[in-house]
Amino acid sequence: MFVKVKLSENLAIGTVVSHDSTNSYWTTASNDNDMIGVIDRTPIQDDDSNWWAQVRFAGLANALADRAIPDEGGELCVVNGKVFVDNTMNGCGIIAPKPADLPSRVANDLVMVHLR
């Protein structure tokens with residue numbers, strides 16, 4: 001499921017965002033305590049200088065990794081708009097295992113996640 005939403009600024013594809021109700025836009029998520037989404041397409045700027053992008057809120061998405069991701073994947077957690085694995089926390093989805101034909105994932109790689 002995706003929706004085109006207003007962003008705080010031009011953010012990269014794969015950035016995890018959450019809603020800022022004070023400013024009425026979506027911005028870089030600091031954690032996964034609130035509803036999150038992942039920017040799915042390159043943001044565009046309208047005539048009023050507002051940034052808009054397609055953001056995926058459920059299902060499969062590609063999110064930016066905050067750090068090295070274990071090959072087996074795990075519980076999806078968020079920090080500063082990026083994802084990491086912490087199987088001791090109750091995450092908001094999963095990070096998929098590494099596909100057999102790809103190298104191990106490191107910081108700033110796009111990784112497949114399933115948002116729930």
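Among contacts in the protein chain between residues at least 6 apart in sequence, what percentage join residues at least 24 apart? The share is 50%, for contacts between residues at least 6 apart, where a contact means heavy atoms within 4.5 Å.

This is a predicted model, in which local features need pLDDT of at least 70 and side-chain atom pairs count only at pLDDT 80 or more, while totals for chains, interfaces and linings use all residues. Residues are numbered from 1 along each chain as its sequence is written, and side-chain values use heavy atoms, with hydrogens and water left out.

The protein chain contains 11 strands and 0 helices; helices (H or I, at least four residues) and strands (E, at least two) are DSSP runs, numbered from the N terminus. The radius of gyration is 14 Å, close to the 13 Å that the globule rule gives for 116 residues, so the chain is as compact as a globular protein of that length. This radius is taken over C-alpha atoms, and the rule is 2.2 Å times the number of residues to the power 0.38. Along its principal axes, the C-alpha trace spans about 45 × 30 × 25 Å.

Of the 116 residues, 40% are buried. Buried means under 20% relative accessible area, exposed over 50%, and partly exposed in between (1.4 Å probe, protein chains only).

The interior may be described through its nonpolar cores. A nonpolar core is a set of buried Ala, Val, Leu, Ile, Met, Phe, Trp, Tyr and Cys residues joined through side-chain atoms within 4.5 Å. The largest has 17 residues, of which Val16, Ile36, Leu76, Val83, Ile95 and Val113 touch the most other members. Two or more residues come from each of strands S4 (36-39), S7 (59-64), S8 (74-79), S9 (82-85) and S11 (110-115), and S11 gives the most, with 3 residues. A second, separate core of 10 residues includes Val5, Leu11, Trp26 and Trp51.

Not counting residues up to four places away in sequence, leucine 76 touches several residues, including Asp32, Ile36, Val83, Phe84, Ile95, Val113 and Leu115.

Threonine 88 provides another example. Threonine 88 lies in the loop between S9 and strand S10 (93-95). Is threonine 88 buried or exposed? Threonine 88 counts as exposed because its relative accessibility is 72%. Threonine 88 and glutamate 75 are 13 residues apart in sequence, and their C-alpha atoms are 8.2 Å apart in space.
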